[in-house]
Amino acid sequence: MISKKFEQLDLKVINFLRKYSDEFGRIAFFVIFVWFGILKVFGLSPATPLVSELFEATFLSSLGEAGIFLILFGVFEVLIGIMSVIPKLERITFVIMAFHLVTTVMPLFLLLDTTWYSFMVPTLVGQYIMKNIALLALGMLLMAHIKPMTVTHSIWAEEEPAIED
């Protein structure tokens, strides 16, 4: 049998997480996307060789120089980070972020020598890319907390009221 004090602590932790988890998730997105984006803009990102290799391996190379693409990609990431902390933009942010995260997993399929040692054994680069699955899942959790457009009749996100216990 579980003690009443332990059950009360459990309830307090769960209520705290229900109240603040969306904000923590938004802040995490902000930090990750703004930080990594700024590193790309200033040419300091350890992902630069990977992005450049992917750029050259796809149709993107016909659009211009990899260096310019990398700067624009960094600005795009900073924009996603900023949008992630604006709750009304949550629906739009998730769509843009999902597109970004899907494109960032492309090396797993296009740059096999860079991302895999062997079948189901990713390199460190492959593991770095796979963490995007967790980011996508967090985005899905945040998106699940907004009212559907069938209720709001608006593209702007509105939070669902918290469910009281």
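I'll go through the cores, then the cavity. Bear in mind that this is a predicted model.

Start with the packing. Seven residues make up the largest nonpolar core, which has 7 residues: F29, F33, I80, M97, L101, L135 and L142. Three helices each supply at least two residues of this core, namely α1 (4-41), α4 (90-104) and α7 (124-143). Another core lies apart from that one; it has 6 residues, and L54, V105, L108 and L111 are among them.

Take L142 from the largest core. If we leave aside neighbours within four places in sequence, L142 is in contact with D22, G25, R26, F29 and E90.

Now the empty space. Rolling a probe the size of a water molecule over the atoms shows where such space is left. How many cavities of 30 Å³ or more does the count come to? The count is 1, and the space in the largest cavity is about 80 Å³.

What lines it? The lining of the largest cavity consists of R26, F29, M83, S84, I86, E90, T93, F94, M97, G139 and L142. By class, that lining has 6 nonpolar, 3 polar and 2 charged residues. At least two lining residues come from each of α1, α3 (66-84), α4 and α7. Which helix gives the most? That is α4, with 4 residues.

One last point ties the two parts together. F29, M97 and L142 belong to the largest nonpolar core, and F29, M97 and L142 also line the largest cavity. R26 and E90 are in contact with L142, and R26 and E90 are in the cavity lining as well.

Definitions and conventions: Residues numbered from 1 in each chain as written. Predicted model: local features only at pLDDT ≥ 70, side-chain atom pairs only at ≥ 80, totals over all residues. Heavy atoms only, no water. Core = buried A, V, L, I, M, F, W, Y, C linked by side-chain atoms within 4.5 Å. Buried < 20%, exposed > 50% of the residue type's maximum accessible area, 1.4 Å probe, protein only. Contact = heavy atoms within 4.5 Å. 1 Å grid on protein atoms, 1.4 Å probe; cavity = no way out; pocket = protein on both sides within 12 Å on 5 of 7 lines; lining within 4 Å. Points joined across faces, edges and corners; volume = space filled by probe spheres on them. Nonpolar A, V, L, I, M, F, W, Y, C, P; charged D, E, K, R; others polar.
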